[in-house]
Amino acid sequence: MQRLERGLIASLLTGVLLAAGCGGDDPVEPEPEAAPPDLSGTYTLLSFASAALTAGNALTPPDVSGMFTVEQTSVAGGEAGGTFEMTVTVPASEGGTTTIVDQGTYRNYMDGQLEQVGELWQTRGTYELDGNTLTIDVAEPVLALSKTVWQRE
(Lines give C-alpha, C1' and ligand atoms only; values in the text may rest on other atoms or scores of the structure.)
Protein backbone atom coordinates (compact mmCIF):
# COMPACT_ATOMS: atom_id res chain seq x y z
CA MET A 1 0.00 0.00 0.00
CA GLN A 2 2.81 2.44 0.77
CA ARG A 3 4.30 1.73 -2.63
CA LEU A 4 0.98 2.59 -4.26
CA GLU A 5 0.68 5.82 -2.24
CA ARG A 6 4.24 6.85 -3.08
CA GLY A 7 3.61 6.16 -6.75
CA LEU A 8 0.38 8.13 -6.65
CA ILE A 9 2.02 11.05 -4.83
CA ALA A 10 4.95 11.05 -7.27
CA SER A 11 2.53 11.05 -10.22
CA LEU A 12 0.52 13.91 -8.74
CA LEU A 13 3.65 15.97 -8.03
CA THR A 14 4.92 15.38 -11.57
CA GLY A 15 1.56 16.46 -12.99
CA VAL A 16 1.49 19.61 -10.86
CA LEU A 17 5.04 20.54 -11.84
CA LEU A 18 4.34 19.96 -15.52
CA ALA A 19 1.15 21.98 -15.35
CA ALA A 20 2.98 24.84 -13.65
CA GLY A 21 5.58 24.94 -16.40
CA CYS A 22 3.08 24.90 -19.27
CA GLY A 23 0.86 27.62 -20.59
CA GLY A 24 0.60 30.81 -18.65
CA ASP A 25 -0.10 34.36 -19.70
CA ASP A 26 3.49 35.33 -20.55
CA PRO A 27 4.75 33.39 -23.57
CA VAL A 28 8.44 33.77 -24.33
CA GLU A 29 8.81 36.30 -27.11
CA PRO A 30 11.82 36.20 -29.42
CA GLU A 31 14.11 39.23 -29.31
CA PRO A 32 13.09 41.75 -32.00
CA GLU A 33 15.50 42.04 -34.90
CA ALA A 34 17.56 45.21 -34.96
CA ALA A 35 16.31 47.66 -37.57
CA PRO A 36 17.79 50.83 -39.00
CA PRO A 37 16.26 54.12 -37.88
CA ASP A 38 12.94 55.18 -39.34
CA LEU A 39 13.76 58.16 -41.57
CA SER A 40 10.09 59.07 -42.12
CA GLY A 41 9.23 62.73 -42.03
CA THR A 42 9.46 66.05 -43.81
CA TYR A 43 12.85 67.74 -43.75
CA THR A 44 14.08 71.25 -44.53
CA LEU A 45 17.50 71.74 -46.15
CA LEU A 46 20.18 73.08 -43.79
CA SER A 47 23.23 72.65 -46.04
CA PHE A 48 24.06 71.46 -49.56
CA ALA A 49 27.43 70.74 -51.15
CA SER A 50 27.86 69.23 -54.61
CA ALA A 51 30.93 68.58 -56.69
CA ALA A 52 29.05 69.53 -59.86
CA LEU A 53 26.75 72.34 -58.67
CA THR A 54 28.60 74.14 -55.86
CA ALA A 55 32.24 73.20 -56.63
CA GLY A 56 32.19 71.23 -53.38
CA ASN A 57 31.37 74.30 -51.28
CA ALA A 58 28.65 73.89 -48.65
CA LEU A 59 25.85 76.39 -49.21
CA THR A 60 23.20 77.23 -46.63
CA PRO A 61 19.88 79.09 -46.79
CA PRO A 62 19.07 81.60 -48.14
CA ASP A 63 21.57 80.68 -50.90
CA VAL A 64 19.98 77.22 -51.19
CA SER A 65 16.62 75.82 -50.18
CA GLY A 66 14.95 72.47 -50.28
CA MET A 67 12.49 69.95 -48.90
CA PHE A 68 12.88 66.19 -48.49
CA THR A 69 9.93 63.95 -47.64
CA VAL A 70 10.51 60.33 -46.64
CA GLU A 71 7.94 57.63 -45.91
CA GLN A 72 9.13 54.27 -44.59
CA THR A 73 6.95 51.44 -45.93
CA SER A 74 8.92 48.30 -45.03
CA VAL A 75 11.33 46.89 -42.48
CA ALA A 76 12.98 43.47 -42.90
CA GLY A 77 16.02 42.31 -41.02
CA GLY A 78 18.69 44.98 -41.00
CA GLU A 79 17.15 47.14 -43.72
CA ALA A 80 14.21 49.47 -44.21
CA GLY A 81 12.78 51.11 -47.28
CA GLY A 82 10.14 53.37 -48.64
CA THR A 83 9.56 56.37 -50.86
CA PHE A 84 11.06 59.84 -51.07
CA GLU A 85 10.43 63.19 -52.74
CA MET A 86 13.12 65.85 -52.92
CA THR A 87 13.42 69.42 -54.14
CA VAL A 88 16.66 71.43 -53.93
CA THR A 89 17.14 74.93 -55.36
CA VAL A 90 20.72 76.17 -55.87
CA PRO A 91 22.26 79.23 -57.55
CA ALA A 92 22.93 78.68 -61.26
CA SER A 93 26.34 79.56 -62.69
CA GLU A 94 24.75 81.85 -65.31
CA GLY A 95 22.60 83.62 -62.72
CA GLY A 96 19.20 82.73 -61.38
CA THR A 97 18.63 79.34 -59.80
CA THR A 98 18.52 75.67 -60.71
CA THR A 99 15.93 73.43 -59.10
CA ILE A 100 16.48 69.70 -58.77
CA VAL A 101 13.31 67.66 -58.30
CA ASP A 102 13.42 63.90 -57.82
CA GLN A 103 11.28 61.15 -56.36
CA GLY A 104 11.52 57.41 -56.03
CA THR A 105 12.39 54.69 -53.55
CA TYR A 106 15.13 54.22 -50.98
CA ARG A 107 16.68 51.55 -48.77
CA ASN A 108 18.63 52.30 -45.61
CA TYR A 109 20.70 49.74 -43.74
CA MET A 110 21.94 49.17 -40.19
CA ASP A 111 25.54 49.90 -41.25
CA GLY A 112 24.66 53.43 -42.42
CA GLN A 113 24.47 52.64 -46.14
CA LEU A 114 21.75 54.30 -48.23
CA GLU A 115 20.51 53.57 -51.75
CA GLN A 116 18.10 55.77 -53.65
CA VAL A 117 16.45 54.97 -56.97
CA GLY A 118 14.91 58.14 -58.31
CA GLU A 119 13.67 59.38 -61.65
CA LEU A 120 16.90 61.43 -62.11
CA TRP A 121 19.53 59.40 -60.28
CA GLN A 122 20.27 56.01 -58.84
CA THR A 123 22.64 56.81 -55.98
CA ARG A 124 24.59 55.07 -53.23
CA GLY A 125 26.12 56.58 -50.19
CA THR A 126 25.80 56.85 -46.44
CA TYR A 127 23.42 58.47 -44.00
CA GLU A 128 23.50 59.51 -40.36
CA LEU A 129 20.45 60.41 -38.31
CA ASP A 130 21.38 62.40 -35.20
CA GLY A 131 18.20 63.38 -33.39
CA ASN A 132 16.21 65.18 -36.10
CA THR A 133 19.23 65.99 -38.28
CA LEU A 134 19.75 63.72 -41.29
CA THR A 135 23.04 63.89 -43.18
CA ILE A 136 23.34 62.14 -46.55
CA ASP A 137 26.68 61.70 -48.35
CA VAL A 138 26.23 60.51 -51.94
CA ALA A 139 29.31 58.64 -53.20
CA GLU A 140 28.01 57.15 -56.47
CA PRO A 141 27.66 58.07 -59.29
CA VAL A 142 30.48 60.59 -59.54
CA LEU A 143 28.26 63.26 -61.12
CA ALA A 144 25.96 63.13 -58.08
CA LEU A 145 28.67 63.47 -55.40
CA SER A 146 27.07 65.59 -52.72
CA LYS A 147 26.45 66.11 -49.04
CA THR A 148 23.07 67.31 -47.81
CA VAL A 149 22.09 68.09 -44.25
CA TRP A 150 18.39 68.11 -43.45
CA GLN A 151 16.35 69.07 -40.36
CA ARG A 152 13.22 66.99 -39.67
CA GLU A 153 10.22 69.16 -38.87
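I pair rings of Phe, Tyr and Trp (its six-membered ring) if their centres lie within 6.5 Å; planes under 30 degrees apart count as stacked, over 60 as edge-to-face and the rest as tilted.

**Ground rules**

I am reading a predicted model, in which local features need pLDDT of at least 70, side-chain atom pairs count only at pLDDT 80 or more, and totals for chains, interfaces and linings use all residues. Residues are numbered from 1 along each chain as its sequence is written, and side-chain values use heavy atoms, with hydrogens and water left out.

**Entry: aromatic pairs**

I searched the whole structure and found three aromatic pairs. I looked at Tyr43 and Phe68: the ring centres are 6.0 Å apart and the planes stand at 45 degrees, so this pair is tilted. Tyr43 is in strand S1 (residues 41-50) and Phe68 is in strand S2 (residues 65-76), so the pair ties together parts 25 residues apart in sequence. I take strands (E, at least two residues) and helices (H or I, at least four residues) as DSSP runs, numbered from the N terminus.

I then checked cover. Tyr43 and Phe68 are both buried. My cut-offs are under 20% relative accessible area for buried, over 50% for exposed, and partly exposed in between (1.4 Å probe, protein chains only).

Next I took Phe68 with Phe84. This aromatic pair is also tilted, with 6.1 Å from centre to centre and 50 degrees between the planes. Phe68 in S2 and Phe84 in strand S3 (residues 79-91) are 16 residues apart, and the pair links these distant parts of the chain. Both of these Phe residues are buried. I noted one aromatic cluster formed by Tyr43, Phe68, Phe84 and Trp150.

**Entry: strand S8 and its partners**

I turned to strand S8 (residues 146-152). Five of its seven residues are buried, which leaves S8 mostly covered. S1 and S8 run antiparallel and are joined by seven bridges. I count two strands as paired if DSSP finds at least two bridges between them. In this pairing Thr44 stands opposite Gln151 of S8.

S7 is also antiparallel to S8, with six bridges joining them. Here Asp137 faces Lys147 in S8 as its opposite residue. A hairpin through five residues joins S7 to S8.

I picked Thr135 in strand S7 (residues 133-140). Thr135 has a relative accessible area of 17%, so I list it as buried. Leaving out residues up to four places away in sequence, Thr135 touches Thr126, Tyr127, Glu128, Lys147, Thr148 and Val149. Contact here means heavy atoms within 4.5 Å.

**Entry: salt bridges**

I found two salt bridges in the structure. My criterion is a side-chain nitrogen of Lys or Arg within 4 Å of a carboxyl oxygen of Asp or Glu. Glu79 and Arg107 meet through their side chains at 2.6 Å, N to O. Glu79 is partly exposed at 25% relative accessible area, and Arg107 is partly exposed at 27%.

The side chains of Glu115 and Arg124 form a salt bridge at 2.8 Å, N to O. Glu115 is partly exposed at 24%. Arg124 is partly exposed at 44%.
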